[in-house]
Amino acid sequence: MSESAVTAAPARRSVSLRVQKVADVVIRSIVPVVLALVAGGIVLLALGRHPLGFYGNIWTGGVQGSAWQDSAIRMAPFLLIAAGLTLIFRANIWNLGYNGQFLLSAAVVSGYGPRLVEHVPLWLAFVLLFLAAGAVGALWTLVPAVLKAWYGTNEIITTLMMSFIGIDIASLLIKGPFHDPTTPLPQTAVVPLEKMLPPIPGTRIHVGLLVAVAAILVVHFVLTRTSWGLRLQIMGANPRAARHFGIDLKRLIVVSFLGSGCLVGLAACADIMGLWGYIRTGWDPAYGDTIIPFVFLARLNALAVIPFIAFFAVLSTGGDLAAQQANLPTDFIYVLVGLILLFMTVIEYLGRQRSLGTSYLPPGLRQALRGPRGFFRKKAAA
Amino acid sequence: MRAPFRLVAGRRAPPRLSTVSNHTHESVTPLVELAGITKAFPGVLANDNIDLTLRAGAVHCLLGENGAGKSTLIGILSGLTQPDEGTIRIDGAVTTISSPRRALDRGIGTVHQHSTLIPALTVLENLMLGDTRRLRLDDAGARERLRELAAQLGIEVDPDAKAVDLALGHQQQVEIVKALWRGSRVLILDEPTSMLTPQGVAELAKVLKRLTAQGQAVIFITHKLHEALTLGDEVSILRQGRIVGRIDNEAMRTKPAEELRAEIVRTMFGDEPAEVAEVAELQEEIVEAKAPRRARPDADVVLEVRGLSAPGDGTERGIEEVSLELREGEILGVAGVDGNGQRALAEAIAGQRRATHGDVLLFGGSVVRLPVTARQKLGLRYVTDDRLGEGIVGGLPVGLNLFLKRVGDRPFWRHGRMQRGLIDARAAELVREYDVRTPSLSTRVAALSGGNIQKVLLARELSFEPKVVVFHKPTYGLDVKTTATVRDLIRDLAAGGGAALVISTDLDELLEIGDRVAVLSRGRVAGLVPNEPGAAERVGELMVGDTAVEAA
């Protein structure tokens with residue numbers, strides 16, 4: 001075979017491939033969202049509410065005026081968790097212990113934060129708190145990571161178990177060593193408003209968002225541009241091949257776990273130091289649960305996560321207002337998220353005949369989801 | 001004329017069988033008739049307007065390269081796949097075969113290439129598995145049926161042996177019994193010889209003779225020419241989803257083998273005269289067992305395996321106390337029935353599997369504690385047999401797959417960043433050098449054919465100064481042409497001062513290219529046979545071998 005065979009991919013074909021890729025993104029990532037909004041509208045109609053009014057209120061409450069800043073504030077922890085999940089899901093490893101990692105880090109930050117900001121320069125306090133939160137989050141993945149790396153233990157189970165333990169330890173810490181003695185309520189001391197993360201000049205958005213965006217960029221760079229990211233991708237796609245290529249799987253598993261836990265920990269720090277200032281027992285926002293669908297919609301692409309997270313932030317911020325106005329519980333937003341998940345599954349199922357690379361799901365989960373027969377059988381050209 | 005012999009199912013009415021003799025088929029209604037079968041998959045026309053006629057009492061060989069559409073056609077016959085167009089007639093009546101169960105009901109039994117027996121169950125239990133006509137298991141009836149079928153086939157089967165304990169040849173016999181269990185009249189054998197010893201093949205041939213004498217129709221799939229010629233009554237040649245040639249019973253009996261061979265090769269490779277010549281040459285070589293080349297016996301030992309033990313996994317054995325020496329310029333074959341420790345040996349040498357005992361010395365230095373990458377850098381390479389499972393990352397482009405064993409290494413990565421330009425340039429060179437047929441470097445490697453994927457693996461392992469290369473089933477499942485290319489590459493490696501350890505279950509291959517052949521049996525080296533006339537028989541004996549003769 002000659003040179004022509006290698007370079008003969010005609011330009012026309014590569015263009016049509018690109019068009020197909022774009023179409024793929026639209027179908028796979030945007031259609032489920034649109035369908036969910038339509039179906040959500042039908043549900044609203046059935047409940048006797050006006051869907052357009054409801055969605056209009058979401059827009060008003062989540063974007064208009066300075067509302068977009070509230071949405072942006074919510075994005076900070078979402079993005080950091082999304083970065084952590086993207087990182088580890090790329091390796092086809094399921095860190096589902098984000099709630100425990102998050103709350104434990106949050107407890108540590110709110111436990112030491114109020115004291116630390118009084119005693120050291122503010123910038124140093126922030127750095128230390130971020131580092132501590134990251135370390136706690138990472139530490140909480142260590143047991144599942146080591147079990148997975150050395151004994152092949154199913155990490156879905158171990159991370160979930162560790163998550164429950166983490167949530168309860170966080171609660172113990174808040175009632176015990178971190179308890180604010182000035183109040184009978186089971187909560188920590190509160191970080192004074194002026195000692196919280198400063199806002200980005202000209203806005204109310206705290207700089208945690210910048211940390212989050214930076215983390216997303218770093219994760220994206222590492223995953224797509226470095227040899228480490230390639231190794232991770234190989235391990236995720238085909239662990240046996242990774243072993244064949246001489247990749248040190250144990251180290252890779254442990255490091256990616258630690259990285260994921262660290263990012264979740266950072267999310268906790270950004271949220272506590274940027275928004276809440278304290279923590280009380282029983283508080284579990286379970287951010288990870290709600291953003292997992294969006295991580296998949298972004299097809300484990302860290303950059304693509306940003307618009308989806310922004311969309312969800314608007315949905316949840318504006319949704320509070322819209323639900324109030326429509327006299328619905330705010331949980332109605334989760335109905336929408338659930339519908340998105342549902343339609344994702346449907347589209348995944350319908351599109352199963354498309355090529356491998358276009359699925360948002362890693363191979364294991366993909367196979368579990370797929371039924372024995374697809375509807376769209378493309379007839380091949382002769 | 002011979003009285004028809006019926007394979008009678010236990011409680012079912014026996015299938016009607018026309019009166020046949022072995023060699024006059026003309027006047028009889030064909031058992032199965034495929035007409036205009038067409039099946040398309042995304043991007044490929046797997047079967048294109050295929051006509052095929054199966055007659056009772058005849059072995060019909062389907063010959064074709066990989067990807068020619070053999071498996072699809074078999075899938076259609078055995079109910080796994082539905083054709084887009086075309087009709088299937090059984091006994092002259094149009095039918096659809098909508099599921100494997102339906103195929104069995106219609107009297108079509110299939111023996112797949114790889115064992116489908118459940119290892120932990122006994123032979124009898126395996127046989128009763130598919131039979132769900134009654135709720136209660138009829139143990140006595142099943143024993144009787146097994147005895148009956150074994151007698152017909154002229155084989156001996158212990159009904160209470162666990163499937164896992166049977167040799168592959170015996171497992172296959174059980175599979176054949178299973179396919180015939182419900183009184184099938186058409187038996188499909190998908191590459192049945194690929195796992196067998198030469199003795200096993202001879203035994204299979206005997207079984208086939210008896211089956212056809214009893215009026216069975218057999219479809220025999222292979223890509224080995226000599227098997228098609230010796231075992232087939234008729235041969236159909238598939239290429240790119242079409243039947244491109246057919247040699248009928250008349251021709252098979254009357255024409256000389258040489259002429260038939262030439263005809264088949266011409267049909268298989270059609271309009272590529274240059275390559276046909278090469279293939280024809282290769283065939284000559286196999287047949288005449290050209291005097292094997294010799295490595296100098298005084299050359300340096302480059303790879304020494306000393307008392308090496310490594311664990312097995314699943315159904316595959318580990319190795320125990322294996323010792324081998326490989327000299328510069330030498331090709332050392334490792335023969336043995338599949339599952340006798342081949343994978344453990346290859347992986348322990350390559351560094352993928354931890355050795356529990358013993359040593360691996362490369363140029364006199366121990367590498368047994370070094371990881372894969374370090375051994376790789378010393379010039380030790382491993383061409384895996386599991387191309388799709390571990391040899392490639394299917395979703396990544398061809399170009400990148402050529403470099404997956406050097407991720408992070410200079411000069412292709414600097415400070416952890418990929419040097420895309422450099423990789424693309426070198427990949428283009430490799431693709432050209434190894435004749436990898438790919439639309440572009442950025443094509444996903446999984447989209448390539450098996451042969452081209454193997455070329456990608458070879459290009460990766462044989463580039464950058466290979467010194468000692470372990471080839472594990474390097475031509476398994478490849479077409480004749482690619483096989484020839486691969487063998488040439490191995491010979492070139494040895495001629496250029498490298499050394500090759502070729503692990504293969506294909507004895508013909510080892511005798512064609514090897515200087516010596518070591519026989520692996522039950523995880524141990526049963527013997528070492530220099531490649532000289534008569535080697536095949538000795539290797540065959542050692543393979544089944546209770547006699548551990550040290551013949552070197």
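Two residues are in contact if their C-beta atoms, placed from the backbone, lie within 7 Å. Helices (H or I, at least four residues) and strands (E, at least two) are DSSP runs, numbered from the N terminus. Axes are lines fitted to C-alpha atoms, for helices over the stretch in contact, and angles run from 0 to 180 degrees between N-to-C directions.

The model is predicted: local features need pLDDT of at least 70 and side-chain atom pairs count only at pLDDT 80 or more, while totals for chains, interfaces and linings use all residues. Residues are numbered from 1 along each chain as its sequence is written, and chains are lettered from A and ligands numbered from 1 in the order in which they are written.

**Chain B, the six-stranded sheet**

Select helix α6 (residues 198–213) of chain B. α6(B) lies across β3, β7 and β8 of chain B and runs at about 150° to β8(B). Now show the whole sheet: it is open, has six strands in the order β6-β7-β8-β3-β9-β10 (chain B), and its pairing is mixed. Two strands pair if DSSP finds at least two bridges between them. At the edges, pairing on one side only, are β6 (108–111) and β10 (242–247) of chain B. On average, neighbouring strands of this sheet are turned by 20° against each other, direction ignored. Helix α5 (residues 168–180) of chain B also packs on the sheet; α5(B) touches β6 and β7 (186–190) of chain B, and its direction makes about 165° with that of β6(B).

Next, select β3 (residues 59–64) and β8 (residues 217–222) of chain B. These strands run parallel and are joined by five bridges. Opposite B:L63 is B:T222 in β8(B).

Move to β9 (residues 234–239) of chain B, which is joined to β10(B) by five bridges and runs antiparallel to β10(B). B:R239 has B:R242 of β10(B) as its bridge partner. Two residues lie between the strands of this hairpin, and B:Q240 takes a positive phi near 50°.

**Chain B, the four-stranded sheet**

Select β12, β11, β14 and β15 of chain B, which in that order form an open sheet with antiparallel pairing. β12 (319–327) and β15 (365–366) of chain B are at the edges with a single partner strand each, so one side of each has no neighbour in the sheet. Within the sheet, β11 (residues 301–310) and β14 (residues 357–362) of chain B pair in the antiparallel sense over five bridges. B:E304 has B:L361 in β14(B) as its bridge partner.

**Chain A, two helix pairs**

Select α4 (residues 67–90) and α13 (residues 302–325) of chain A. Their axes come within 8 Å and cross at roughly 135°. α4(A) is therefore oblique to α13(A) (angles under 35 degrees count as roughly parallel, over 145 as roughly antiparallel, 65 to 115 as roughly perpendicular and the rest as oblique). The crossing of α4(A) and α13(A) is right-handed (left-handed if the near helix is turned anticlockwise from the far one by less than a right angle, right-handed if clockwise). Residues in this contact include A:F78 and A:L79 of α4(A) and A:I309 and A:F312 of α13(A).

Last, select α12 (residues 287–297) and α14 (residues 332–350) of chain A. Their axes come within 10 Å and cross at roughly 35°, and the crossing is left-handed. A:T290, A:P293, A:F296 and A:L297 of α12(A) meet A:V337, A:I340, A:L341 and A:M344 of α14(A).
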